Amino acid sequence: MGSSLTRAAQWTSSGKLELTPMNESLLKEVLRFVEEFSSRHPQEAEHVFEEPLRWSTALVASDFKTNYDISDSDVQSHEKDSEGRPLLQLSPATVYVRSFSQLSRLVHLADDKKLEEVQACLEENRDPVVKILGPSFASVLEKHDAHTDVLSLEDKEGDQGKVKLFLLLQNMDNQLLSKCLKEIDGRVGLDPGAVKSEVELLKRLCSGGEKRVLKSVRYTSDYVFSNGCRAPPWRQALNEICYLVIEPCDTETLYITCSTAGVFLNGGIKQGGEESGYERASDTYEDLGTLLKSTSPHFAGNTNEQDFAVQELPSTQKIQHVEPVDAEEQGQPQRSYEQQEKNVHEKARQQHAPNKAGGGKKYELCPWWKNLSLVSLCGEAEEKKASKSSGEEKSGEIQKRKLGATAKGKMKADFSVSSLPGRQSSHKIEAEEKKASKSSGEEKSGEIQKRKLGARAKGKMKADFSVSSLPGRQSSHKIKTPAASVPVDAFSESSAESEEEEEEEEEQPERRAESNTDLTPEYWQIEELVKYLKVGDQTATVLTLCAMMDFNLMQETCQLAIRDVGGLEVLINLLDTDEVKCKIGSLKILRKISHNVQIRRTIVDMGGLQRIVKILDSPVKDLRALAAETIANVARFRRARRTVRRYDGIKKLVKLLDCVPNLASLTANQEKDVEVARFGVLALWSCSKSTKNKEAIRKAGGVFLLGRLLKSRHEDMLIPVVGTLQECASEESFRVAIQTEGMIKDLVQNLRSDNDELQMHCASAIFKCAEDKLTRDLVRKYSGLQPLVSLLSKADNKQLLAAATGAIWKCSISMENMAKFQEYKALETLVGLLTDQPEEVLVNVVGAVGEFAQIPANKATIRKCGGIKSLVNLLIGRNQALLVNVTKAVGACATDMDNMAIIDELDGVRLVWSLLKNPSADVQASAAWALCPCIKNAKDAGEMVRSLIGGLGLIVHLLKSTNNEVLASICAAIANIARDEGNLAILTDLGVVQLLAKLMITTDDRLRHHLAEAVGHCCMWGSNRASFGDAGAVAPLVHYLKSKDKAVIKSTTVALYQLSLDPNNIITMYERGVVKPLIHVIGSDDEMLQEHAAGCVRNIRLLALANKKAELFH
């Protein structure tokens, strides 16, 4: 809210925010920040501002209820600062706020006017940070070394809370700037590539001595961001790309701004200019040429006289649109503009890799440049490269013929090159044509490469390879499996296929080198090695694979180098040979480079994954292990997992698990089997993130084998086994299988391990399996509850904490487990975790607290530990799963009168009620259920409900929902609201009778129960009984008495008694045969039920007697 408002927001001349999409996005981000501030940072929210934020508000005194002193039109908060001043004060039309807690509460009170209030606040407080923290802190936001200045201020003022608040505001400011930059992503207009092309052409016009058209052209900044822009990030938010200084031959120097909307003259930006220099000083032109022609007659008169021909500039960067530079790198706050430039520059250097032939987008020059007739020297070089690339295939054919003709006599019988067809490469190889034209040189190059690589790879060759015959390898243009060998639906993309994706990877942009000067020595060495792989004989292939493994293949530069120079095709081709050692060498390289996201996807695109799956059938254990490990790396996105399944990879991987891992002593052969099994489990773990793969694992018999491996003593085996089980446990059929195979005991036992990762996976598996009562009982039986509680002490490991709290939540559903948890003081620890935790932890913690709150004694414990306030603060979040659990917990706590008083004081009822507007049906239902005890136990429930403006209308509107759970909860809420006559009258005016009558035809007993209850209470006002009869609600209600649910029968009997006070309803009841089931209900043990059933029968009998008397008189 500092730089983002002054630099990114768009203001009118009168000091108001313009109505633009950018500003609207900024306002929404600020609103979300303020709304969630109290719950996320409760301590910082209590910090008192240096000066109050004041603005003209649309709120009036009637909008403020609890926690405020209201006098006529003035409002003051109960909370005051150290000097006795209220933290919130409303004088007619002006509001003063002195803390984030009050600011957050005010925003919630504004309801549908939240955005307008935030806008008014920002417009009247142009620099809110000054008022919040004071000028000393606010000035730090504008400095480069913000972190050092903050530390010095902390030492000087000694207020650590203020420093924390400053860091939160600084982080928010950076996020706003980053969001603004993203707004310009993909906009149509000029892009950095097009501007760069124009500038390069202009620079050529600066040469030629006296005939030159321009004196000079230069950028104001030499630094280029990763998106191609040279403008600072806050100017990129305004769509600006770069700034130029151009000296024409006949006019004064021009200072030009290039933006996505066009180019224009600025106020004189030279080097890191002031803000005033960025202002536009001319009209906007579509390109630089048009601007120069309009400002320089010399330029306009001489550009058409050049004797040159237009050629396209080489484009070495694949920039298709302006991608914003994030204001934060890897979660670290942006400390200074210079530091960010340095980090981005270093990052960009590491990402360079060469372009493929023909790769990269070529920018189209604007029509003006095409008419200019300039020559591009670089274009000539590009043309040569293109011609060389087009002759590459022909060169490959020549090479194949000459290799076969010249090398046959020289090679020994075991290394016949005639059996090794040449492989075409889709990438360019330097001097390919020369090698193709020198047949005798091929043999020499083979001998040379042997000598070069021999010393380096000799030792590794002995260990990993045996030099034997190498059958022919397929050419790279045949890299994909023939259609005849592929299942019919192998590559069909069915829209009906839906797979669970928990860790789906995002597509990452291609990384290419900008120029050869940025390439590392390793890149050139790998290029040479790949060249040898493509054209060398069998011995050279073996040695080259050894040499390639000497590189650091976990380094991204080496990984992408192998791909870019065509090495990936060759490695995949080697998998089709019959030579075991070559397959091993290829897989050892593939297993390492497949850690790279782009490499993984390329392997799948080339059909390499099918080949690797096929190797799982190999009798060689080393091959099976390497293939499984490579699959574990590659199968981390949906398409790869689907490919493994469709080529029977799941069944093959499950077969690898068949070993005996828990013997006291293993032979060397058995140890190898265990190692193969471990890699097989790793591959299944990656594949198990897809729903269909989970079922495939179960059908292939994987549960039994995983259960056997679960008894292993080695953590490196247990972690992937338990990881696979916890992934698959999301499926009910797999949970049943886990119980049947007796794995719960082993999972509980491994909870006591010292390995955090193993503990996390075990707790997560129990979390998912504990949905079933049998599992919960087994966890208690095997003494697994105490270890789960002990894991809560490891609060620094958030993943472990989330798994442990989830397991405790599900296990606490059983009352027997609840008693054990109370012995271990689990509730007190859980309440302490309700603040300063990530959402995945909070969801589970609140769920567990909600289960604990079902016991009356625990409700007092939650209150004493301060849990009520923490729960109420979480009601303003956005996570739907969290909101469902929070409302459930608040509703459970509200059944205690003391807890309800605190909830009411904290304005919790209003917050719960506001959740009825949430788009999620689950949140709506949970909020409505929570309202029932709140209304029932509030001191003045009727007045409280009426004070919620629009609340009753919202309740009635939700009766139109199509979700039965929402309808049931709303009916239950209406039954409680209707206890107050004033509220019942309002509900009647809103049409509640007609809406309830429309719901009567249903078979859902839960809905029937609360619907009948609502009807019974709504009969207490005016002519509602007759209205229900007119709406046709009586006849369906009679059929409810046939239900086997006692709750339905009870609420229906009460409703029928109330309706029987209207004569017309009695006639309908009698016609529908209500008397016989009511006589049966009269025999119930419930006295209240007996009374209402008898009363209904009595009313029917009285009407019958009255009719009989009337007949006698007539």
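Biologist: Why are helices α27 and α30 called roughly parallel to each other?

Modeller: Helix α27 (residues 621–634) and helix α30 (residues 668–687) pack at an angle of about 20 degrees, with their axes 7 Å apart. Angles under 35 degrees count as roughly parallel, over 145 as roughly antiparallel, 65 to 115 as roughly perpendicular and the rest as oblique, so α27 and α30 are roughly parallel. Keep in mind that this is a predicted model: local features need pLDDT of at least 70, side-chain atom pairs count only at pLDDT 80 or more, and totals for chains, interfaces and linings use all residues. Residues are numbered from 1 along each chain as its sequence is written, and side-chain values use heavy atoms, without hydrogens and water.

Biologist: What is that angle taken between?

Modeller: Between N-to-C directions, on a scale from 0 to 180 degrees, with axes fitted to C-alpha atoms, for helices over the stretch in contact. The crossing of α27 with α30 is left-handed.

Biologist: Which residues of α27 and α30 meet?

Modeller: Among them are Ala625, Ala628 and Glu629 in α27, and Val676, Phe679 and Ala683 in α30. Contact here means heavy atoms within 4.5 Å. The residues of this contact split into 8 nonpolar, 3 polar and 6 charged.

Biologist: What makes the pair glutamate 629 and arginine 591 a polar contact?

Modeller: Their side chains come to 3.1 Å. A polar contact is a pair of N or O atoms within 3.5 Å; within protein, one must be able to donate a hydrogen and the other to accept it, and residues adjacent in sequence count only if both atoms are side-chain atoms. Leaving aside neighbours within four places in sequence, glutamate 629 is in contact with Arg591 and Phe679.

Biologist: Why is α26 called oblique to α28?

Modeller: Helix α26 (residues 608–615) and helix α28 (residues 638–646) pack at about 40 degrees, axes 10 Å apart. That angle makes α26 oblique to α28. Leu609, Gln610 and Val613 of α26 touch Ala640, Thr643 and Val644 of α28. Those residues divide into 4 nonpolar, 2 polar and no charged.

Biologist: How do you know that β8 and β9 pair?

Modeller: Strand β8 (residues 254–259) and β9 share 4 bridges, in the antiparallel sense, and two strands pair if DSSP finds at least two bridges between them. Cysteine 258 stands opposite valine 263 in β9.

Biologist: What makes β6 and β9 edge strands?

Modeller: The open sheet has the order β6-β7-β8-β9. β6 (214–219) and β9 (262–265) each have a single partner strand, so one side of each lacks a neighbour in the sheet.

Conventions:
Helices (H or I, at least four residues) and strands (E, at least two) are DSSP runs, numbered from the N terminus. Ala, Val, Leu, Ile, Met, Phe, Trp, Tyr, Cys and Pro count as nonpolar, Asp, Glu, Lys and Arg as charged, and the others, Gly among them, as polar. A crossing is left-handed if the near helix is turned anticlockwise from the far one by less than a right angle, and right-handed if clockwise.
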